[in-house]
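Biologist: Hey, I've got the model open on my screen. Can you walk me through it?
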Amino acid sequence: MRRVVFVSDIFARGGASVWLRRLCRHLPAEGWACKLIIAEPVLPYDDDWSDWPCEREILRRHYSLQALVHSTADAIRTFSPHVVAVGAPWNTAALAMRYLYASYRHTARFVETVIVEHEEQYERLRANTDIAVSVAACTDDTVSRIESDIPRLRGRVRRFWFPVPYGQGMQGKGGGRGPLRIAYLGRLVQQQKRVFDLPPLLDALAPKGVDFTLTLIGDGADRAALERRLAMSRGRERVRLLGWLPSEKALEALAASDVQLLVSGWEGQPISTLEAMALGVVPVVTDLPGLRELIRDGTSGFLLPVGDMETFASVLAGLAADRERLHRMARAARESVPERARMDVAVRDFSVLLDEAAEAPLPTPKPVAYPPTRMDRLHVPRFMQELKRRCLGQSVY
């Protein structure tokens, strides 16, 4: 059996953790033993590991990038993988691979991943064209952009799909005259997810007389601030905040909803939207490239301008008033889930991607070069930087 290591620098509960959990559970059936390395945990989230389906290693906190990279490299080397893949995309994994190639003549192949559409991802890819034998990208738009903007990676970019269970939850979708059941499933953070747009959405819904409930499923750094803002919003009594739930429980809560709400400023192709559509939940989401690949606007969901909560409120009011249309759209959403996103197909496709990577020629990497920090530019000695991080509990990034 071949072996793959997934390295995640910063592991927060969200789409990346759901994706990695499903891969690690199902890839062994495709001939791949898995290990997960958490190189730079922000929070321990011990309950998230309680039933993790493969070997995992959470590295102790490091306060210098070099120490973090060496520790990551040691954790990789002990598993003797054929392939090392980036889980949550940052740069520790690439630096660890450079160190392994230079110091141990390691033969594992390195696979980059792009799971969100953000300029930082492309900067990382440009820096690692010499060692990435393959790049796994989660949207067709991302594949095209990488091959256009980074010519050295042409021929090495592969599309993958997040694996989602294809649920049975169509019963009652859009039926009845009760409140419109809206669900948000994701991290509660303002950066990227724009969760502070939710209180203005409540205020925009209030004068329209919409009967609704809003269920928030997730956790994150901005939860407390969001709760304070929601408490001052009209319609606050209609909001339930469930916090973080294990994937199965989160899907149950999502399946009990009519609408999936997403107000992000940037995404890749959100696994929560794929899950919602598979359950017959209508996505009302921001108009972003990865979502355009999934949703026919007005037929299987709605694609709306980022930050335009008045338009979001109008669409939700229309769905609340026209339950027959809501039911039609729920069925269209479920039927629109691509075959390649279904659990067994998506996992099999990713195993093929790993097979190809394992057979690729070994790269000729450049030497390890640690990127300068802001304090480097101020000529602060490295030992003083490490002392500052240790005293303040700061990340090396």
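This is a predicted model: local features need pLDDT of at least 70, side-chain atom pairs count only at pLDDT 80 or more; totals for chains, interfaces and linings use all residues.
Biologist: Which residues have the most contacts inside the largest nonpolar core?
Modeller: Phe6, Trp19, Leu27, Val83, Phe160, Phe162 and Phe350, in a core of 49 residues. A nonpolar core is a set of buried Ala, Val, Leu, Ile, Met, Phe, Trp, Tyr and Cys residues joined through side-chain atoms within 4.5 Å. Buried means under 20% relative accessible area, exposed over 50%, partly exposed in between (1.4 Å probe, protein chains only).
Biologist: Which helix gives the most to this core?
Modeller: Helix 13, with seven residues. Helices (H or I, at least four residues) and strands (E, at least two) are DSSP runs, numbered from the N terminus.
Biologist: New topic: is Glu267 buried or exposed?
Modeller: Glu267 is buried, with a relative accessible area of 6%. You'll find Glu267 in the loop between strand 11 (259-262) and helix 9.
Biologist: What does the side chain of Glu267 make a polar contact with?
Modeller: The side chain of Gln192, at 3.3 Å. A polar contact is a pair of N or O atoms within 3.5 Å; within protein, one must be able to donate a hydrogen and the other to accept it, and residues adjacent in sequence count only if both atoms are side-chain atoms.
Biologist: What order do the strands of the open sheet have?
Modeller: 10-9-8-11-12-13, six strands with parallel pairing. Two strands pair if DSSP finds at least two bridges between them.

Definitions and conventions: Residues are numbered from 1 along each chain as its sequence is written. Side-chain values use heavy atoms; hydrogens and water are left out.
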